[in-house]
Amino acid sequence: MVSRTLGTRMPIKVKFFASLREQMSNPATEVDSNAVKTVADVWEKATPKPMPPHVLCSVNLEHAEPSQAVNDGDEVAFFPPITGG
Amino acid sequence: MPIAIEPQSFNPSEAQAQFEASLVKGSYGASANFIGTMRDFNEGDDVVAMELEHYPGMTEKELHAIINDAKSRWDIIDALIVHRVGKIDTGEPIVLTVVCSAHRAAAFDACRFLMEALKSRAPFWKKETLSDGSQRWVEKNTPG
């Protein structure tokens with residue numbers, strides 16, 4: 001079998017916070033970057049649960065939309081609406 | 001552009017004094033601050049304690065970005081944001097924002113901006129403990 005890439009592929013790190021973290025059996029996990037193109041794809045690979053409405057997302061510590069593209073080694077996080085201050 | 005995530009209770013007056021001492025004396029004529037304190041009620045229920053979670057790395061990055069945005073919008077000397085995380089008891093300070101500027105308008109306006117931006121952009125989440133011992137995540141911020 002011929003490798004699709006010359007370099008080593010890095011998995012995408014996935015994190016959940018607050019109420020989402022409590023609902024997940026694996027609040028910190030990884031997904032194969034070959035299998036996903038967008039943030040929404042990452043959710044689908046990370047958990048069988050449907051993405052709840054109003055979930056916020058980030059990629060590499062910056063706010064992102066579910067449609068945003070993801071790359072090797074990215075850190076993707078999902079969390080409920082922010083309630084600080 | 002100082003920011004601080006505080007896992008322990010902090011004294012807002014001391015934090016502000018320390019921040020202002022780091023600025024050049026005479027460089028600002030106005031200081032505005034906002035202190036958010038933990039209430040013992042929310043949504044009609046008695047609240048006895050709260051746990052504040054954050055996203056280490058992203059929260060700090062977002063707080064710095066908020067201060068940068070304030071600096072680009074108003075003529076301010078500098079700003080401070082201190083925010084608690086962890087277990088908080090009623091009456092304890094949760095957040096402090098301070099803005100120093102030459103004149104009061106920029107200080108007032110930028111200080112309000114810091115708070116409103118923080119509440120919508122900086123990843124913090126509150127979990128309340130009610131007087132009956134039950135816990136619940138706060139689902140939305142109260143309107144200003």
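**Close-up views of a predicted model**

Ring pairs join A:F17, A:F79, B:Y55 and B:W125 into a cluster. The model is predicted, so local features need pLDDT of at least 70 and side-chain atom pairs count only at pLDDT 80 or more, while totals for chains, interfaces and linings use all residues. Residues are numbered from 1 along each chain as its sequence is written, chains are lettered from A and ligands numbered from 1 in the order in which they are written, and side-chain values use heavy atoms, with hydrogens and water left out.

**View 1. Aromatic pair of A:F17 and B:Y55.** A search of the whole structure gives 8 aromatic pairs over all chains. Rings of Phe, Tyr and Trp (its six-membered ring) pair if their centres lie within 6.5 Å; planes under 30 degrees apart count as stacked, over 60 as edge-to-face and the rest as tilted. The pair of A:F17 and B:Y55 is tilted, with 4.3 Å centre to centre and 35° between the planes. A:F17 lies in the loop between β1 (12-16) and α1 (18-23) of chain A, and B:Y55 in the loop between β4 (45-54) and α2 of chain B, so the pair joins two chains. Helices (H or I, at least four residues) and strands (E, at least two) are DSSP runs, numbered from the N terminus. Both A:F17 and B:Y55 are buried (under 20% relative accessible area, with a 1.4 Å probe and protein chains only; exposed is over 50%, partly exposed in between).

**View 2. Aromatic pair of B:W74 and B:F113.** The ring centres are 5.3 Å apart and the planes of B:W74 and B:F113 are at 55°, so this pair is tilted. B:W74 is in the loop between α2 and β5 (76-84) of chain B and B:F113 is in helix α3 of chain B, so the pair ties together parts 39 residues apart in sequence. B:W74 and B:F113 are both buried.

**View 3. B:H83 and its contacts.** B:H83 belongs to strand β5 of chain B. Because its relative accessibility is 0%, B:H83 counts as buried. Leaving out residues up to four places away in sequence, B:H83 touches (heavy atoms within 4.5 Å) residues including A:G84, A:G85, B:L52, B:L118 and B:F124.

**View 4. B:R39 and the ring of B:F41.** The charged end of B:R39 sits over this ring, 5.4 Å from the centre. A charge sits over a ring if NZ of Lys or CZ of Arg is within 6 Å of the ring centre and within 35 degrees of the ring normal.
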